[in-house]
Amino acid sequence: MPLLAPGNVAEIIELGLHAVALSRATGLWTGLKIVADIADATAVVDFAALRLDVPAPPDGPRGAPPTLVGPASLDAEHDMLTRRLDLARDYARQTKLNHIVFSARQATLGLVASGTSYAVVQRALADLGINESALEDLGIRLIRLAMPFPLSAEELVAMTADLDQVLVVEDKVPFLEGHLKEALYGTTGAPTVVGRRGENGRPLLTARGTLGAEDVAKALATRIGPDRLPHTASVHLTAMKPPAPARIAVPTVSARTPYFCSGCPHSASTRADDDTLVGVGIGCHIMIALDGAGRGNQIGLTQMGGEGAQWIGLAPFTEDRHFVQNLGDGTFHHSGSLAIRAAVAAGVTMTYKLLYNDAVAMTGGQRPEGRLDVPALTRWLALEGVRKVIVTTAEPADYRGIRLDPIATVRHRDDLPEAEKELAAVEGVTVLIHDDRCAAEERRLRKRGKLPTPAEKVVINQRVCEGCGDCGDVSTCLSVQPVATEFGRKTQIHRASCNSDFSCLKGDCPSFLLVEPKDKRPSRPLPGLPVELTAPGPALSGNSTLLRMPGIGGTGVVTVSQILQMAAHLDGRYAAGLEQTGLAQKGGPVVSDVRISSDPVTGALRASHATADVVIGFDLLGAAADSTMRVARPGHTVAVINTAIVPTAAMVTNRVVMPGSPDDALERIESVTRSKENLYLDAQGLAESLFGDHMPTNMLLIGAAYQHGCVPLTDQSIEAAIRLNGAAVDKNLAAFRWGRAAVLDSEAVRRAIAAPAREVPDITPEARTIADAAARSGSLRDVIALRSADLIAYQNEAYARQYADEVRQVAAVAGQRAGDEAGERIAIAYAQGLHKLMAYKDEYEVARLHLDVVEQAKIEDEFGADAAVSVMLHPPMLRALGMKRKIRLRRTAPAAFRTLYALRGLRGTRMDLFGYAKARRLERTLIAEYSRLVRDALTHLTSDNATKVEDLVRLTDAIRGYEGIKLAAIADFREKAREALAGLDEPTAVSA
């Protein structure tokens, strides 16, 4: 099949027309090689400049097409090989599809490339500053093969005539290189041909992934010789050398990976025990391959329609008797039904977990073609020989009166683990149908008014919350986000992205509230701009600008790219962009490279090493990632960064720690940019304050970048492009203007959006007196004062004095042994850790914190004073009696909490009925145990090991959660404390 290879968006049109004409001229199928860097690219194209000199189809009869059956197929094959492919070569020769683009008069080095590889060559030459004059001086000939197959040997020989060497640039396998060597073999004076490897057999161009401009630049420098390169090329090659190790490395938590959408049913339905054999399939549920925790022992990923085929082959050769295969309903209706039929015919024992969400979410949310509803599906499965079917759903009541096949039963989705075990015990093929609507489609339907939005909203009382992450673990929902508070890490619901799935309520924690506003509160009116917008001065020079924009999938990064390119077109400029999306739909990393120029944009669009003029970081972690830092250049690149930390999946599921601040990432960014001219802005916080929504964040940051002089377009064209885009026009226009205002006068913007002041924790005079007696240092004194006030409310003033006296003693010893600075750090860590243990959250304390005026004020601010608030509780006493689910307290909750709090004097006495529980006894014991541990550590303390001692003192931060979760955390704490204490130096005498 003749193949044509476009190198940019415009050439899709040019070569597409040639492909049609070529097919007509030869009677052959033709193909276009369109790789990701072309398919995911956009560009402003001047149709008047296209080469559309496509020949008309030949006159005369074509003859009947051959019949490809029996001997006739051999005749057709012979005709293709001996005549039709030669016609294709003639077509390429006549239309000059393969030609010399430029040749020096005394050319010695030829560069041969096709499609995107030729675009990469163009980009490499531009990066090196090698223009036509330099090409002439260096003796370079550029050869472009727009039709890489079939090739004419005579043309190849003619185009490389008189050269000393030829560098063939192509991705991965040496296809063109092999054809060129074959054509030149045996010819007189043939040039040396290199590509993947040089003459010495050493690698010259990488075979990994797509070639980058930096790969070609290095290879060119090797072939030309460093002494012959122009100064600009030498400077660029120097900039490409690996930099010195960064003083601060971005922690591993910065890696952003795709994940299930908030409320996605697959995130719960694909859970499996670690010893369960699981087959991965095609669809959104493929996320389990990126999130192995709690997703079973994964065995193979098949093509659509091959689900379970690996088990058919494996089953006879393993002692494992059962296998689980995930299968989406879109894939089932496409070809997965054949896989189930094959498994039944093979007689294997396995369960198909059929994830029925009624939408092909990865391709637009449409319903599968040939869709069977669940009742019809159960009957089809029975006819195929499936032994048993269980349907799990969030609403079992919806199946009342619905006739399923007798082999099928219905359970609540919370009973999914039990259903899986029941099916695993059945010999033969079984199917679990998890009927739960796609979260993304549910959100779309709600926006269109086709599905009601739940009136109730989930709220977490952050004082009750322990920050254990169990709610994130059981729900695996990205809207359940960690947040730093004065009392440590807590959890919050990100309202704008929450899909009201309510699966987080299953977290083993009494902090959850369900809040139902009495009436829908009107949106807060958008305040007027606090400053007059003025035209910015340019921060960049030159007629071409490269923007690198890292962001998060699903937040509109691609839309911003398209708006900027349209704005360039409206300004009479050229623009082109490449969207590197991957699994962007699942909240994964997205990178957009946009080039804006006064001249047509040529060459590869992907940013190469040290070439970005501006980094517009919609995502802080993406802006600090290695891939972004690689394209920035110290002293040249300007960064405009959204400083909000959007949690990754690993942060939400508590596998890694959420950074407390953006400082580390910003310092890393500053190491490769013009730090004094960078702009940092909490664009997400500003967007949520203004619009109650995080989606305008990117456009707000574009406004800031524009006002900072980093977007070489006019504000009129950007606003016109926003209107032409047609989506959320008023909101995006406002976001763009507020971003500009934030640069002109950030303080005025802060005042304009300031919310009414909320109450803050009251530090009583008694607490101040206690803190003043315990500490001289301002920082330590403040920590003690806040926590003493809390302990007075927790129990009484004597309890708070006991706490402060303990901290005072530790601070004195720590300062004596390690010096004032290190001693204060250890004392603060001890003050925080001891308070955490002394204020353990028993029933009395949970009651107090649910009555906390600050937490109640937050609810009132967001939902109104008349909102109905319910508390979701799973009391340990009722749990011990066999209650498996939480109870809901609404009107009775305040009175019950006031009564419980009034009884706090019973805490720890014989009358404390709650205090006999294992967790309560252990919590009381742990206070003295921690005090002894710290005192033991202080006997080892020196100025040299102060950091180790501080880390030991802070181990209490990992003691989180309630009941079983907390017991496990305490066991882990004890083990780590023993190891940390053993790691300190031998003790020496201490005078207290």
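How are H31 and H34 oriented to each other? This report on a predicted model starts with that pair, then turns to a sheet and to some backbone features.

## Two packed helices

Two packed helices are described by the angle between their axes and the distance between the axes. Here the pair is helix H31, residues 843-850, and helix H34, residues 893-902. They pack at an angle of about 130°. Their axes lie 8 Å apart. Angles over 145 degrees count as roughly antiparallel, and 65 to 115 as roughly perpendicular. H31 and H34 are therefore oblique to each other. The crossing of H31 past H34 is left-handed.

Which residues meet in this pair? H31 brings Glu843, Tyr844, Ala847, Arg848 and His850. H34 brings Phe897, Leu900 and Tyr901. Sorted by type, the contact residues comprise 5 nonpolar, 1 polar and 2 charged.

## A sheet with a helix on it

Four strands form an open sheet in the order S16-S19-S26-S27, and the pairing is antiparallel. At the edges are strand S16 (457-460) and strand S27 (887-889), each pairing on one side only. From one strand to the next, the twist averages 30°.

Helix H32, residues 853-863, packs on the sheet. H32 touches S16, S19 and strand S26 (868-873). The direction of H32 makes about 155° with that of S16.

How many bridges join S16 to strand S19? There are 4, and S16 and S19 (residues 512-516) run antiparallel. Within S19, leucine 513 stands opposite valine 459.

## Backbone features in loops

Most residues other than glycine have a negative phi, and most peptide bonds are trans.

Proline 150 sits in the loop between strand S6 (140-145) and helix H6 (153-159).

The loop of threonine 476 lies between helix H16 (470-475) and strand S17 (480-485).

Is each of these two side by side with solvent, buried or partly exposed? Lysine 172 counts as partly exposed because its relative accessibility is 45%. Threonine 476 is buried, since its relative accessible area is 3%.

How values were computed:
Residues numbered from 1 in each chain as written. Predicted model: local features only at pLDDT ≥ 70, side-chain atom pairs only at ≥ 80, totals over all residues. Heavy atoms only, no water. Axes fitted to C-alpha atoms, helices over the stretch in contact; angles between N-to-C directions. Helix = DSSP H or I, 4+ residues; strand = E, 2+ residues; numbered from the N terminus. Parallel < 35°, antiparallel > 145°, perpendicular 65-115°, else oblique. Left-handed = near helix turned anticlockwise from the far one by under 90°. Contact = heavy atoms within 4.5 Å. Nonpolar A, V, L, I, M, F, W, Y, C, P; charged D, E, K, R; others polar. Buried < 20%, exposed > 50% of the residue type's maximum accessible area, 1.4 Å probe, protein only. Pairing = 2+ DSSP bridges.
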